[in-house]
Amino acid sequence: MLNRLWLAFFIIAAAAGLHRWLILGDTAVFAGMVASLFAMAKLSVELMILLFGTLTLWLGFLQIAERAGLVERLAVWLGPLFARLMPEIPRGHPAIGLITLNFAANGIGLDNAATPIGLRAMRELQTLNPRPDTASNAQILFLVLNASSLTILPVTIFMYRAQQGAADPTLVFLPILLATSASTLAGLFAVAVAQRLRLWDPVVLLWLFGTGLVLGGLMALLAGLSATALASVSSLAGNLFLFGIIMLFLVVGAIRKVPVYDAFIDGAKQGFGIARDLLPYLVAMLCAIGVLRASGALDLLLEQIRWLVTWLGVDSRFVDALPTALTKPFSGSAARAMLIETMQHFGVDSFPALVAATIQGSTETTFYVLAVYFGAVGIQRSRHAVSCALLADLAGIVAAIAVCYWFFG
């Protein structure tokens, strides 16, 4: 799948470039595409360097937690659920605890902590993989749920809106929460169908119902706060959770006689190997994405969507938010730029800007996640991971548009 997808990016970019040159008369298009190749190669190295420090830090703390038995305890507690969703993982396996920590960090927007934990979880899952170059069922489910955007507190979206002068930066909190729930459920159901998982099992239903109850209670509690209070609570909760996890690892490690400094160093050494192995996959995927964007293929697709929506007689206001939706699966920075441009052009509280902000908060950089998580363990055959992850993205986009029409008219 990845081989065909990667090749398709270049073929589509070449066709779009020829269209701009021969039909639109843009003689600089191929110069821009070549420049994008080198720019993306440079960006790959910069991302790897940034990720290197984060990986080193968090893998060190995770090594302490593992030696203290915390990851194993978490894995035992969640064993009944994962026995249904990921039956090939033995009960009590450390991957279960790491997956849970990754989801928790993603849920409150701690990307810098979530990625290293997720990479460690993927490596643990790889130890159970009978075909190292092909994604296992458990690895696919884990990746799709990551790519479905699990964020509950989208603090960065609030920050962007505040920077652009929004009267209520947290206005999109509930729409994002609803849309990201839709994308995550769509990803879970897509993988369940592909892998024939029994979601109607009482244990799974109990967990889904319990999670929904907690999310509903959280929504009811936070919805009553002012914009200033909600932003403050979001920031405080995230930082407290982050530092609290670190102190929990250190204190429990010390109580259980773990040499915490030595354990940290041993875990941190793993960060170098992961970052080194990751670079070729980042270069390959980001360069293909850069060429696709520079060719104008995404702009051409947007124009066709606008024509179709207008022809169907549908309210086309949401189309102005689609640049964010079309670029988000490929590049987080490009989607962020599109979001800010939409806010500046139409107004931060305009309907297109509200839709774009909701999409930004409820979808994920699918192909980046794919390159990072599968590249870290050398997986080349993704099977149904890409299709299920893109379906989750589509569900998030559709839900974001529908919810914004519901909330903002």
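In this predicted model, helix H16 passes helix H18 in a right-handed crossing. The two helices, H16 spanning residues 351–362, pack at an angle of about 140°, with their axes 9 Å apart, and that makes H16 oblique to H18, since an angle has to be over 145 degrees to count as roughly antiparallel. Helix H18 also packs with helix H9, and the protein as a whole comes to 18 helices and zero strands.

**Packing around helix H18**

- On the H16 side, Phe351, Leu354, Val355, Thr358, Ile359 and Ser362 meet a set of H18 residues made up of Gly396, Ile397, Ala400, Ile401, Cys404, Tyr405 and Phe408.
- Helix H9 (residues 173–195) packs with helix H18 (residues 385–408) at an angle of about 150°, and their axes lie 7 Å apart.
- That angle makes H9 roughly antiparallel to H18, and H9 passes H18 in a right-handed crossing.
- The H9 residues that take part are Leu174, Pro175, Leu178, Ala179, Ala182, Ser183, Ala186, Gly187, Ala190 and Val191, and the residues they meet in H18 include Cys388, Leu391, Ala392, Ala395 and Gly396.
- Further along H18, the residues that meet H9 include Ala399, Ala400, Val403, Trp406, Phe407 and Phe408.

**Aromatic pairs**

- A search of the whole structure finds seven aromatic pairs, one of which is formed by phenylalanine 61 and phenylalanine 264, whose ring centres are 5.1 Å apart and whose planes stand at 70°, so the pair is edge-to-face.
- This pair links distant parts of the chain, as phenylalanine 61 lies in helix H2 (residues 29–67) and phenylalanine 264 in helix H12 (residues 260–294), 203 residues apart.
- Phenylalanine 61 counts as buried, with a relative accessibility of 12%, which is under the 20% limit for that class.

**Helix H7 and the residue after it**

- Helix H7 (residues 137–147) is largely enclosed by the rest of the structure, because 10 of its 11 residues are buried.
- The buried residues of H7 are Ala138, Gln139, Ile140, Leu141, Phe142, Leu143, Val144, Leu145, Asn146 and Ala147.
- Just after H7, serine 149 takes a positive phi of about 70°.

**Glutamate 124 in helix H6**

- Glutamate 124 has its place in helix H6, which covers residues 111–126, and this residue is buried, with a relative accessible area of 14%.
- When its neighbours within four places in sequence are left aside, glutamate 124 is in contact with Glu66, His93, Pro94, Ala95 and Leu98.

**The protein as a whole**

- Of the 409 residues in the protein, 51% are buried.
- Among the contacts in the protein with a separation of 6 or more, 79% are accounted for by residues 24 or more positions apart.

How values were computed
Residues numbered from 1 in each chain as written. Predicted model: local features only at pLDDT ≥ 70, side-chain atom pairs only at ≥ 80, totals over all residues. Heavy atoms only, no water. Phe/Tyr/Trp six-rings, centres within 6.5 Å; stacked < 30°, edge-to-face > 60°. Helix = DSSP H or I, 4+ residues; strand = E, 2+ residues; numbered from the N terminus. Buried < 20%, exposed > 50% of the residue type's maximum accessible area, 1.4 Å probe, protein only. Axes fitted to C-alpha atoms, helices over the stretch in contact; angles between N-to-C directions. Parallel < 35°, antiparallel > 145°, perpendicular 65-115°, else oblique. Left-handed = near helix turned anticlockwise from the far one by under 90°. Contact = heavy atoms within 4.5 Å.
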